[in-house]
Amino acid sequence: MTAPATPSAASRIAVVTGASSGIGAATARQLAAAGYRVVLTARRKDRIEALAEELTAAGHAATAYALDVTDRAAVDEFATAFRTIGVLVNNAGGALGADPVATGDPEDWRRMYETNVLGTLHVTQALLPALVASGDGTVVVVSSTAGLATYEGGAGYVAAKHAEHVLAETLRLEIVGQPVRVIEIAPGMVKTDEFSLVRYGGDEEKAAKVYEGVAEPLTADDVADTITWAVTRPSHVNVDLLVLRPRAQASNTKVHREL
């Protein structure tokens with residue numbers, strides 16, 4: 001097995017969006033443990049500040065920066081703080097609602113597109129010069145298996161994640177020859193504290209049913225471990241697309257449940 005690459009001094013900074021909980025927070029912890037100085041961004045300032053304090057107390061380097069990735073002016077201002085960075089993890093996003101196309105709320109669709117797609121676009125555009133300047137940059141897009149196949153009741157989220165998938169794929173084509181990798185991580189069923197709860201507007205019963213009978217859904221740590229593994233491969237190794245699911249999930253619509 002190839003040993004993890006040690007980040008160079010010029011590429012030790014890792015920016016993680018959506019770092020206030022779930023996959024983002026877990027990724028920040030694991031990248032910090034891997035030797036990166038992590039910059040935590042999210043709208044919930046109190047959460048990322050608490051995480052930064054936790055990581056600092058553990059001997060790691062971490063900074064919190066409150067940021068809404070849908071606010072382009074704020075993103076551009078944030079980017080001015082960096083001459084070079086090594087890693088950008090585009091994790092901010094999420095799902096809203098599970099209504100069919102016929103009755104889906106256009107506002108939910110708009111918000112999902114803005115966070116998942118335009119948020120990724122804003123931060124990637126703003127930080128791409130600093131990634132190139134590092135001489136060894138990595139853009140990670142945390143998409144979803146929803147970006148590769150559809151399912152009933154998921155059209156709004158699926159449409160957004162398909163767009164995010166295409167964004168990553170196209171960026172890789174456009175910057176080939178530059179010292180920047182583009183990695184896409186597409187998780188399937190991941191059980192976190194907030195994803196399904198937010199999707200169903202705080203309805204705990206509906207959120208719980210998503211994982212009902214599934215012995216071991218993926219955890220945020222599982223996904224963070226995969227992201228960190230991909231990022232720490234030698235610089236010449238690009239993990240274009242990595243799909244991960246729990247063993248109980250064969251596809252977006254085929255899940256083994258022990259009921």
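The talk below goes from the sheet to a pair of helices.

Guide: First, the ground rules: this is a predicted model, where local features need pLDDT of at least 70, side-chain atom pairs count only at pLDDT 80 or more, and totals for chains, interfaces and linings use all residues. Residues are numbered from 1 along each chain as its sequence is written, and side-chain values use heavy atoms, leaving out hydrogens and water.

Visitor: In what order do the seven strands of the open sheet lie?
Guide: Strands (E, at least two residues) and helices (H or I, at least four) are DSSP runs numbered from the N terminus, and two strands pair if DSSP finds at least two bridges between them. Here the order is 3-2-1-4-5-6-7, with parallel pairing. Strand 3 (62-66) and strand 7 (241-244) are the edges, each pairing on one side only.

Visitor: How many bridges join strand 6 and strand 7?
Guide: Four, in the parallel sense, with strand 6 spanning residues 180-187. Proline 187 stands opposite leucine 244 in strand 7.

Visitor: And how do I read helix packing?
Guide: Two packed helices are described by the angle between their axes and the distance between the axes. Axes are lines fitted to C-alpha atoms, for helices over the stretch in contact, and angles run from 0 to 180 degrees between N-to-C directions. Helix 4 (residues 106-133) and helix 5 (residues 155-174) pack at about 15 degrees, with axes 7 Å apart. That makes helix 4 roughly parallel to helix 5 (angles under 35 degrees count as such).

Terms used. Parallel < 35°, antiparallel > 145°, perpendicular 65-115°, else oblique.
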